[in-house]
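Subject: Structure for your review

Hello,

The sequence and structure you asked about are below.

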Amino acid sequence: MSLDTPNEKPASKARSARKAPANKASAAAPPAPLKAFTDTLLTVLAGNLQARVPKELVGEGGEEMAHLLNQVLDNFASSEHRKHVAAQEIDQALDALISLVREGDLSRWNTTTEDPQLGPLLEGFGKVIETLRTFVREINEAALRLSSSANQVLAASTQHETSSTEQAAAIHETTATMEELKHASAQIAENAGSVARVAEETLGAARAGRGAIGEFIQAMQQIRSDGVAVADSIAKLSKRVERIGTVVEVIDEIADRSDLLALNAALEGSRAGEAGKGFSIVAAEMRRLAENVLDSTKEIKNLITEIREATAAAAGAAEASKSATESGEKLGAVAAQAVEGILAGVQETSDAARVINLATQQQRTATEQVVASMAEIEDVTRQTTQASKQATGAAAELTQLAARLAELIKRFKAD
Amino acid sequence: MAPDRAVAAQARPEQEFFCFRVGDLRFGVPSENVLEVFRAGLLTPLPRTPSFIMGVTGHRGEVLPVVDLLRFLSKGEARIGPRTRLFIGVTGSIVAGVVADTVLGLRRIPVSDILPPPLGGDAAAEHLLGVVQGSTTQDGINLLNFHKLLQTARQRAVAR
């Protein structure tokens with residue numbers, strides 16, 4: 001509109017100028033001075049704005065008119081010139097705008113004007129373009145940053161995805177390990193249980209052994225006291241046997257004397273002849289009895305000797321038995337002590353096995369919980385992996401978008 | 001004397017002997033030659049007597065010489081122990097003690113069982129009346145001619 005405005009005025013002026021010759025032509029053929037005006041005006045209308053009414057062709061009186069007309073024509077020519085210049089500047093600005101729009105070239109805006117009417121407009125455009133340039137520069141920079149950030153995000157996301165996958169694998173492995181650990185702890189618990197059972201049995205056996213050793217020691221003491229009694233009895237027996245020996249000696253002596261007496265009686269009887277015959281027979285019988293007694297006492301003496309030897313052997317045996325029972329008691333005491341040690345050790349073993357069993361059961365429970373937790377973690381990690389995959393995809397897309405944005409922004413030349 | 005009386009008295013003549021053992025030898029002495037038997041006890045050795053006189057012992061107020069038959073017959077040596085017997089033998093005027101290890105007793109031996117002593121035997125044979133066979137060779141008994149034996153002993157003792 002504003003561009004049209006300068007045209008309007010010359011047009012109306014031209015029209016009015018055209019009107020004037022038309023009015024002059026219609027007014028029939030003008031005289032010669034008028035002809036100069038008409039020709040000049042026609043030439044101007046034809047486009048030669050330099051054409052002027054020559055003052056020599058006008059007559060007197062027409063000089064004033066020519067001078068005025070020439071002034072009008074001068075004004076018209078300068079106006080036309082101004083209009084032309086303005087149109088050129090507008091064209092130049094339009095060209096710049098077109099190239100801006102077509103190629104995004106903001107650098108080509110270098111339009112200046114001296115036209116006071118176009119000046120503010122172009123200045124406004126320039127400001128707008130300057131602003132656009134600033135924007136483009138910033139956007140460019142931002143796009144570059146975005147691109148690098150997007151790349152970083154992509155890299156980070158890829159790395160995250162990788163590490164998440166690795167984590168998933170590690171978690172899977174850990175779960176498997178925990179599963180094995182669970183089985184192992186179950187095995188340990190079972191073994192500890194059997195150890196506890198065996199220890200319990202051993203404990204029972206050792207207790208029985210302790211009881212048996214106690215009985216053994218008692219029996220040994222009994223045997224020892226019995227042995228002492230036996231030794232006493234043997235000593236008494238020995239004394240009595242000695243007494244029997246002295247008695248037998250007396251009997252022996254008497255028998256011997258009887259033997260002699262009977263013998264002498266027999267001799268007396270023999271000397272008495274027939275009368276002493278019966279007496280001799282009785283004496284011989286008596287002598288036989290005495291001999292029998294002597295034989296018996298001899299036998300008794302032999303028996304006493306045997307008994308003496310036997311009692312000596314028995315006394316020795318009793319002594320040996322006493323010392324044997326004493327060492328048996330000592331051994332029994334040592335065995336009892338050993339069994340006490342065994343009992344204590346087995347008790348400790350049993351307790352330890354029970355504790356191990358308990359601990360492994362707790363461990364198994366804990367391991368099961370860990371396995372469950374690991375399953376949850378695995379699930380979460382799977383989701384994380386999924387998410388990180390999506391994030392990687394999104395980051396890749398973002399990188400592409402950033403690249404494209406940078407590409408697009410590159411089309412705008414700011415400098 | 002006594003044997004003759006005994007033979008005359010019995011249809012189947014017997015003679016009673018006082019039988020004893022000393023060392024390994026068994027002897028029989030006619031019972032009428034034996035007065036008494038007692039324990040040997042302690043003997044008192046006698047100087048300047050033959051070795052077969054073991055010593056003297058007191059008996060009923062008499063001192064009697066004690067003869068060791070084994071030494072006298074050169075058959076060893078008698079030993080006196082707690083059971084050793086001593087019998088008093090008498091023949092004629094001679095009375096002597098004789099050492100015996102064991103007295104077997106008085107035995108009546110049929111005269112027909114008495115075998116004569118071996119002729120031309122050793123020194124012992126000349127003092128034997130005879131020999132009685134036993135069931136074994138050990139059971140055999142030498143029947144001593146006690147009278148002759150004591151006389152010989154006396155002669156030897158005096159000869160010294």
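**What was found**

Chain A contains five helices and zero strands. The model is a predicted one, and every value here is computed from it. Along the sequence, the pattern of chain A reads α-α-α-α-α. The chain has 415 residues, of which 28% count as buried.

**Helices α4 and α5**

Helix α4 of chain A spans residues 119-271, and helix α5 of chain A covers residues 277-410. The two pack at an angle of about 175 degrees, and their axes are 2 Å apart. Angles over 145 degrees count as roughly antiparallel, so α4(A) is roughly antiparallel to α5(A). Sorted by class, the residues in the contact of α4(A) with α5(A) are 70 nonpolar, 42 polar and 26 charged.

**Two residues in α4**

A:E190 is in helix α4 of chain A. Its relative accessibility is 55%, so A:E190 counts as exposed, the cut-off being over 50%. The C-alpha atom of A:E190 is separated by 9.1 Å from that of A:T360, although these residues are 170 apart along the chain.

A:L132 also lies in helix α4 of chain A. With a relative accessible area of 33%, A:L132 is partly exposed, because that value falls between the 20% limit for buried and the 50% limit for exposed. Together with A:V128, A:F135 and A:I139, A:L132 makes a nonpolar surface patch of about 330 Å².

Regards

Note on methods
Residues are numbered from 1 along each chain as its sequence is written. Chains are lettered from A and ligands numbered from 1 in the order in which they are written. This is a predicted model: local features need pLDDT of at least 70, side-chain atom pairs count only at pLDDT 80 or more; totals for chains, interfaces and linings use all residues. Side-chain values use heavy atoms; hydrogens and water are left out. Patches are made of residues with over 30% relative accessible area and no salt bridge: like charges are joined within 9 Å, nonpolar side chains (Val, Leu, Ile, Met, Phe, Trp, Tyr) within 5 Å. Accessible areas come from the Shrake-Rupley method with a 1.4 Å probe; for residues, only the protein chains shown count as cover. A salt bridge is a side-chain nitrogen of Lys or Arg within 4 Å of a carboxyl oxygen of Asp or Glu. Helices (H or I, at least four residues) and strands (E, at least two) are DSSP runs, numbered from the N terminus. Buried means under 20% relative accessible area, exposed over 50%, partly exposed in between (1.4 Å probe, protein chains only). Axes are lines fitted to C-alpha atoms, for helices over the stretch in contact, and angles run from 0 to 180 degrees between N-to-C directions. Angles under 35 degrees count as roughly parallel, over 145 as roughly antiparallel, 65 to 115 as roughly perpendicular and the rest as oblique. Ala, Val, Leu, Ile, Met, Phe, Trp, Tyr, Cys and Pro count as nonpolar, Asp, Glu, Lys and Arg as charged, and the others, Gly among them, as polar.
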